[in-house]
Amino acid sequence: MNVGQLTERAASTADHDPLVGLGAVARLRAETNRIEAVLVRRDRNTGATRPQIAATLGASKQAAHKKYAGRALFGGRS
């Protein structure tokens with residue numbers, strides 16, 4: 001998804017129909033989660049440590065590990 005599409009989705013959250021706005025929020029959340037996973041993978045591939053990534057995300061090391069271990073980004077099983 002490109003920046004224009006993200007901007008359009010964000011604008012949709014202000015729609016007069018709350019269900020349209022709610023749907024836009026759900027799609028934005030899914031896309032930002034996908035982007036976050038891509039960036040975590042890139043960081044790990046370039047040598048960033050787990051504590052560095054967790055601090056950047058504003059999360060504890062344990063929370064970041066729990067979220068990404070299953071994706072084989074933090075040394076867990078894929």
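Visitor: Among contacts in the protein chain between residues at least 6 apart in sequence, what percentage join residues at least 24 apart?
Guide: This is a predicted model. A contact here means heavy atoms within 4.5 Å. Of the contacts between residues at least 6 apart in sequence, the share joining residues at least 24 apart is 35%.

Visitor: Which pattern does the protein chain follow along the sequence?
Guide: The chain has 4 helices and 0 strands. Read along the sequence, the pattern is therefore written with helix symbols as defined by DSSP runs. That pattern is α-α-α-α.

Visitor: Is Ala-48 buried or exposed?
Guide: Ala-48 is found in the loop between helix 2 and helix 3 (50-57). Leaving out residues up to four places away in sequence, Ala-48 touches Asp-43 and Ile-53. The relative accessible area of Ala-48 is 17%. Buried means under 20%, so the class follows from the area: Ala-48 is buried.

Visitor: How much of the protein chain do buried residues make up?
Guide: The protein chain has 78 residues. Its accessible surface comes to about 5,500 Å², with 55% belonging to carbon and sulfur atoms. The share of residues that are buried is 19%.

Visitor: Which residues make the nonpolar surface patch of about 300 Å²?
Guide: Val-25, placed in helix 2 (residues 18-45), has a relative accessible area of 33% and is partly exposed. Patch residues need over 30% relative accessible area, so 33% passes that cut-off. The patch is made by Leu-19, Leu-22 and Val-25.

How values were computed. Residues are numbered from 1 along each chain as its sequence is written. This is a predicted model: local features need pLDDT of at least 70, side-chain atom pairs count only at pLDDT 80 or more; totals for chains, interfaces and linings use all residues. Side-chain values use heavy atoms; hydrogens and water are left out. Patches are made of residues with over 30% relative accessible area and no salt bridge: like charges are joined within 9 Å, nonpolar side chains (Val, Leu, Ile, Met, Phe, Trp, Tyr) within 5 Å. Accessible areas come from the Shrake-Rupley method with a 1.4 Å probe; for residues, only the protein chains shown count as cover. A salt bridge is a side-chain nitrogen of Lys or Arg within 4 Å of a carboxyl oxygen of Asp or Glu. Helices (H or I, at least four residues) and strands (E, at least two) are DSSP runs, numbered from the N terminus. Buried means under 20% relative accessible area, exposed over 50%, partly exposed in between (1.4 Å probe, protein chains only).
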